[in-house]
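Hello,

Here is the structure I promised to pass on. My notes follow below it.

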Amino acid sequence: MSENKQELHTEQIRINQVIEKMKSELALLEQQTSTVKSDILSIRRNFWEDVTVNMDDAVEAGETATSIKQQAEFLSEREHRHKHLHKDVKNLRRLVETPYFARIDFKEDGEQDIERIYLGIASFLDNESDEFLVYDWRAPISSLYYDYSLGPAKFTAPGGTVTGELQLKRQFIIKDGIIEGMFDTGLTIGDELLQEVLGKQSNAQMKSIVATIQKEQNKIIRNEKGKLLIVQGAAGSGKTSAALQRVAFLLYKYRETLNAEEIVLFSPNPMFNSYIRNVLPELGEENMQQTTFQQYLEFSLGDSFHVEDPFSQMEYMLTAQHEQDYEVRKKSAKYKSSIQFLHVVEQYLTHLSNENLVFQDIVFRNEVVISTLEISDYFYSLDKQLSITNRVKLTATWLLSELKKLEKSERKKEWVEDEIQYLDKEEYQFYFQKLSKQKRFSQDTFDDFEREQEQLSIYVVKRALSPVIKKIKRLDFLNMKAIYQQLFTLNQNDLHLTISPITNLDWQEICQYTSKHLNNNHLPYEDATPYLYLKEMIEGFKVNTSVKYVFIDEAQDYSSFQFAFLKHLFPNSRFTVLGDINQAIYAHHSHTGIEVLKNLFNGESIETIKLTRSYRSTKQIIEFTSAILEKNEEIEPFNRNGQKPIILEKNDENEIIAQIVDKIKNNSTYKTTAIICKTQKEANRVFDLLKDSIEVELIDKRSNQFDSGVVIIPAYLAKGIEFDCVILFNASYEQYGSEETRNLFYTACTRAMHELLIFYTMEATPFLANIPEELYINKTKIEG
Ligand SMILES: Nc1ncnc2c1ncn2[C@@H]1O[C@H](COP(=O)(O)OP(=O)(O)OP(=O)(O)O)[C@@H](O)[C@H]1O
């Protein structure tokens with residue numbers, strides 16, 4: 001047997017032994033799980049039988065309470081144990097299939113023995129020998145695998161730094177307990193395994209990358225220093241992957257104090273949420289909270305306005321160039337996303353502290369019972385040293401006390417008597433019982449007509465006033481819409497605003513535009529965050545102090561204003577912010593966003609990590625897509641070969657459709673193919689043209705997931721996702737002629753893993769003109 005074969009044989013024997021041990025441990029755990037489960041069922045079923053209930057006197061009642069508490073604690077302990085056992089069983093089942101993916105041999109300085117460390121998705125301890133047969137990939141010692149090639153190496157253990165020499169690095173591909181591949185490597189993480197992983201066809205679900213994490217990605221995953229960690233990386237460089245493995249790492253490292261609920265990930269759209277949903281469970285961890293900024297806005301703003309979503313804003317920006325308001329809107333969106341506009345809102349708040357806060361009348365039975373003027377007088381009579389929020393709260397308390405007075409005076413009114421007469425039987429009964437419980441009167445006294453009327457009038461007035469009281473408690477006496485609108489209707493000098501850096505004329509235009517929309521009860525997307533910020537600052541900012549880690553993916557699509565908002569919202573959290581400025585596609589993006597973010601963390605530790613190597617696409621696709629960029633970016637392709645991107649000129653859309661049908665029907669073996677359009681409008685049209693000829697799925701902003709097969713998708717919804725093959729529907733000059741569409745075009749093309757096909761009609765986009773001809777195949781020329 002050759003040395004290699006011998007080694008393989010020895011490793012296979014070890015795997016067999018480890019799996020045997022795992023299986024018997026699994027059987028034991030399964031048995032324990034089922035015992036605990038029946039304990040739980042039995043406790044639940046017999047809960048009240050096992051508790052001695054006796055309420056005869058205070059002593060007995062106290063004993064009853066103790067007995068209930070003990071029983072509840074016992075149940076909770078069992079449930080807790082079950083949760084843990086269940087997690088261990090799930091992890092062990094995964095380990096039985098693939099016990100580990102790598103081995104390292106490490107000789108610690110000053111020690112004789114070489115330690116063999118096998119790395120898997122979870123640790124496995126041999127109870128007999130008390131030896132770790134598998135180490136969790138997140139254990140301190142495992143970082144040796146990710147950070148070093150053969151030679152001197154060190155890692156940080158709880159007791160301090162351990163130095164030594166890395167003597168072997170071996171990777172395995174194990175399926176159902178059988179070694180299918182084994183590579184010894186000197187490089188940080190060998191190319192062979194990575195080649196194998198990256199060469200596979202994509203799924204509609206992202207996969208974990210623990211076996212092939214690269215050194216620079218590992219820095220992100222294990223970073224513990226930065227309060228703000230900024231990750232800037234090229235398309236496909238593994239930003240999302242690093243973020244997700246980082247969540248898994250944090251959940252492992254701080255398992256005693258951190259749970260998944262305390263981590264929140266902001267992602268670009270709901271479909272992306274489902275795309276990444278499996279990664280953490282695959283690693284044996286629960287998913288963190290996932291949301292989009294839009295979902296947060298909708299949740300916080302309720303239905304007070306019709307709030308535009310970012311996709312509609314995007315669609316407008318891409319399709320409405322010929323509309324009259326287009327340029328003003330662009331200006332408005334850009335300004336309202338800036339930190340300068342945040343300063344405008346803050347100046348406005350200072351102004352409101354002294355005058356002009358807008359209130360709503362308190363109306364009861366169609367009559368104004370407390371007017372806006374009275375409310376305003378009261379509010380501005382309060383000590384100006386108090387914050388607006390505190391004064392609003394004091395005003396609410398005052399209003400409630402005024403209503404108490406009103407409640408008393410109303411009881412004698414005629415309408416109350418009328419209503420009492422019309423009380424239906426159920427209400428009457430209900431109220432009678434309620435008052436009896438409160439021992440306000442007995443059966444005898446309720447027979448007394450006068451008293452009955454008196455008590456019922458209390459009830460009737462309370463009931464009628466209850467919606468008004470609720471409104472006051474919800475602070476609805478503030479007219480938030482009018483307050484926001486006033487910013488754009490009152491003269492800037494009267495409001496004492498310094499508008500910069502835009503001109504007065506620009507500001508006037510923005511004001512007119514905004515007013516028009518607010519009058520129609522429409523809140524443009526760019527106004528949603530400023531409006532919410534203003535509202536929160538007046539009503540009391542509901543900050544979230546329970547979230548410990550915030551992740552923002554596709555951060556280039558956040559405005560400076562939104563960053564400031566998020567920092568305010570999560571004052572105690574550590575932030576990991578991942579983005580690629582070349583994929584910034586929204587109207588509000590600014591190149592200064594990250595700088596603004598850094599300023600917000602001024603005085604706290606900030607770390608920036610750059611990822612320049614790109615893994616998603618073949619070398620040919622990466623070289624091509626990098627040439628789309630205006631500036632020469634440092635993007636280093638991973639060395640995986642495929643065919644060059646193909647560019648095809650067609651006479652019209654019908655010809656493109658015919659060719660796509662032909663390709664999908666006769667010439668495609670891919671699991672996932674995306675036909676990427678510029679807008680939803682175009683995607684809908686293409687779907688109509690294709691749906692009768694091939695099986696396709698149309699994706700829109702409401703889509704929550706996509707399946708394998710062929711999808712038609714607008715470019716802005718394909719953010720963060722990838723496909724085996726990308727067909728760019730029409731890269732004509734008409735579609736991608738302006739400089740502003742460069743990032744959108746780049747984002748669309750960088751979604752391709754193995755094949756990129758670009759069609760155009762008439763004249764091609766100028767972004768193609770600059771690409772060296774040797775980087776693609778011009779099929780039109782060949783065929784012509
Ligand atoms: N170390 C790695 N090992 C294996 N696969 C990797 C690795 N890093 C990245 N990948 C793969 O590369 C692809 C791109 O990764 P990911 O989506 O995380 O990149 P990204 O930087 O977030 O991309 P984009 O900004 O373009 O959305 C994924 O298929 C991912 O699994």
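In which sense do strand β20 and β26 pair, and over how many bridges? Strand β20 (residues 646–650) pairs with β26 in the parallel sense over two bridges; strands here are DSSP E runs of at least two residues, helices are H or I runs of at least four, both numbered from the N terminus, and pairing takes at least two DSSP bridges. Isoleucine 647 sits opposite asparagine 778 in β26.

A word on the source: this is a predicted model, with local features needing pLDDT of at least 70 and side-chain atom pairs counting only at pLDDT 80 or more, while totals for chains, interfaces and linings use all residues. Residues are numbered from 1 along each chain as its sequence is written, and side-chain values use heavy atoms, without hydrogens and water.

Back to the sheet: it is open, with seven strands in the order β22-β23-β21-β24-β25-β20-β26 and parallel pairing. β22 (696–698) and β26 (777–778) are at the edges, each with a single partner strand, so one side of each has no neighbour in the sheet.

A side-chain N or O atom of threonine 212 is 2.6 Å from a ligand nitrogen atom. Oxygen atoms of the ligand lie 2.8 Å from a polar side-chain atom of lysine 239 and 2.7 Å from one of serine 241.

Best wishes

Notes:
A polar contact is a pair of N or O atoms within 3.5 Å; within protein, one must be able to donate a hydrogen and the other to accept it, and residues adjacent in sequence count only if both atoms are side-chain atoms.
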